Amino acid sequence: PATIARAERRARSPAPMMAARPLASVAAAAAGPPHWPVIGALPFFMKHEGMNKCFDFQQELYKYGNIVRCDVAGKRMAYIFDPAEYMKIHRAAGSTPLSSTSELWFFTKYYSDPRVRERYGGKMPMAFQEGTSWQKARHALQPGIFGSEDAMSYQPALVEVAAAASKALPSWTATGEDMQEFINRITFELIVKVILGRRIDVLSRESADPRDVRFIKATLALNIRGGTMLRSPLGEWNATLGLPEWKHFVEDQNYVMERSDQLVREALESRPTDSSMQEDSCLPWLYRLIKAGDLSHEEIVLNVAGFLQGGVDTTGNAIYWNLVHLAANPHEQDKLAEQLRQVGDVPLDTAALQSVPLLSAVVRESHRLTPAVAGAFRRLSAPIELLDQKRTGSSKAVSMPGDISYIFSTLGLSMDPAIIDAPHEFRPERWLSSKEERKGTPMEVLDHRLMSQPFSFGPRMCIGARVAQVEMNLVLARFVRDYRFTLDPEGQQWGVVFDGFFPGPSPAPTFKFEPRS
């Protein structure tokens with residue numbers, strides 16, 4: 001009877017409201033390939049050649065969703081294909097986010113070596129600093145190079161180098177490897193002109209200083225060795241065990257630092273006595289830094305070395321891929337050449353190129369198909385909850401743990417036939433319409449800042465992004481106006497492989513360049 005009475009009282013009483021559960025209690029784990037104890041998704045990683053065929057590997061991961069967990073041999077990783085969700089990670093990182101360079105343990109280990117720290121006054125390059133020390137260094141380095149007006153101030157010097165590169169081009173087209181080397185020499189010549197204000201003439205096979213040629217080769221070798229160690233299951237054991245890859249990496253980086261120091265000292269010795277009285281817009285970046293007086297000589301050398309390295313490989317790879325796509329699609333190249341012809345026989349600067357909308361469309365389409373870098377990296381120490389719009393079922397919430405590396409990839413959405421027509425075809429015209437016209441269509445997501453250009457954005461945006469964009473446009477415009485280039489022989493095929501940090505065509509295609517009338 002007592003049990004019946006309690007049941008009757010409960011039936012007459014209003015049911016208590018259920019407290020709303022936090023999202024964490026209903027969020028699911030991220031999707032992904034099968035994981036095993038200790039090795040994680042290593043079998044999947046090896047099957048799809050994640051070491052060398054990173055593009056193919058990421059597109060395989062995209063089949064699992066927009067947020068995909070893929071731990072490999074102890075490395076906790078998640079690939080994010082949705083830019084809106086990656087923005088949550090950006091915001092969660094705050095105003096002093098952990099840098100993507102935190103993943104590049106070999107550079108951090110090199111700069112943390114007591115001998116290196118002693119040589120450079122205990123300082124670290126800005127890119128490898130964190131927190132307020134990074135913020136202070138970033139603010140000291142940004143003036144004179146980061147803004148749009150800063151980039152424009154270097155334009156006359158860059159137009160000069162682009163013209164010299166076009167003139168030297170015919171002697172560099174024997175093989176695909178020749179062309180790659182020449183592009184890297186161009187980008188080194190460009191960045192040296194911006195930073196140091198001088199021509200070093202590495203565009204010539206005969207008169208180039210062997211020390212500068214070695215700098216370029218050392219920079220490219222560092223990318224290969226670093227990328228190999230980054231994707232190797234051995235990871236930091238390469239350094240712990242003193243394996244050859246690590247030893248050669250240290251040798252190459254030592255040379256890069258030594259030559260950078262020499263170049264800075266040479267530039268300081270030739271610095272005009274009245275440079276402190278000149279307008280910043282008339283000065284190379286090095287002189288602007290010295291004039292500001294916020295950095296020591298050691299800090300300047302450390303950061304100039306990094307900018308010289310980055311100016312060689314990242315920009316060079318983007319220019320090279322544009323040339324590859326234009327050579328493989330000569331009909332698209334001819335359309336661009338016609339727009340350039342209509343500009344007239346004037347210096348091809350940014351003002352002139354405003355009337356050549358197809359150039360920006362070509363660069364955009366090349367980035368969609370073959371971005372110059374594999375993706376953006378971030379690391380969060382705290383857990384976060386994201387939404388995977390590709391998941392089926394009622395719950396799209398995904399719970400991500402703390403202390404995990406996030407890799408943003410454009411290669412899912414940008415190659416999805418549900419979003420873009422004929423995703424494997426090079427069609428620059430698709431970007432000639434305005435963003436407003438694409439709003440409300442599946443392609444709208446591709447206009448997100450993370451999808452449309454390779455330099456990221458926010459506090460850790462590439463500090464030389466705007467200069468690199470100007471360099472790329474000027475070189476491509478000059479080459480297309482002066483030459484018609486095609487694959488030689490026609491019909492060459494290649495895959496996209498990683499030889500270090502950057503994707504490239506393999507085997508390297510060969511070109512034929514013919515002067516345009």
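Reply: Happy to. A residue counts as buried when its relative accessible area is under 20%, and as exposed when that area is over 50%. By that cut-off, 52% of the 517 residues of the protein chain are buried. Please keep in mind that this is a predicted model.

Let me sketch the whole chain before zooming in. Its secondary structure comprises 21 helices and 10 strands. The radius of gyration is 26 Å, close to the 24 Å that the globule rule gives for 517 residues, so the chain is as compact as a globular protein of that length. Along the principal axes, the C-alpha trace spans about 105 × 55 × 45 Å. If we take the contacts with a separation of 6 or more, 73% of them join residues 24 or more positions apart. The accessible surface amounts to about 23,300 Å², and carbon and sulfur atoms hold 55% of that.

Now for the helix pair. Two packed helices are described by the distance between their axes and the angle between those axes. Here the partners are α11, covering residues 210-231, and α13, covering residues 244-269. Their axes come within 9 Å and cross at roughly 145°. The crossing of α11 past α13 is left-handed. As for what lines this contact, its residues divide into 10 nonpolar, 7 polar and 8 charged.

R185 has a relative accessible area of 6%, and since the cut-off for buried is under 20%, R185 counts as buried. Beyond its neighbours within four places in sequence, R185 touches W172, V202, L203, S204, R205, A208, V213 and I216.

A second residue worth a visit is L323, in helix α15 (residues 297-328). L323 is buried as well, with a relative accessible area of 1%. Residues up to four places away in sequence aside, its contacts are M179, I183, L476, F479, F485 and F511.

Key. Residues numbered from 1 in each chain as written. Predicted model: local features only at pLDDT ≥ 70, side-chain atom pairs only at ≥ 80, totals over all residues. Heavy atoms only, no water. Axes fitted to C-alpha atoms, helices over the stretch in contact; angles between N-to-C directions. Helix = DSSP H or I, 4+ residues; strand = E, 2+ residues; numbered from the N terminus. Left-handed = near helix turned anticlockwise from the far one by under 90°. Nonpolar A, V, L, I, M, F, W, Y, C, P; charged D, E, K, R; others polar. Rg over C-alpha atoms; globule rule 2.2 N^0.38 Å. Buried < 20%, exposed > 50% of the residue type's maximum accessible area, 1.4 Å probe, protein only. Contact = heavy atoms within 4.5 Å. Areas by Shrake-Rupley, 256 points an atom, 1.4 Å probe, with all protein chains shown as cover.
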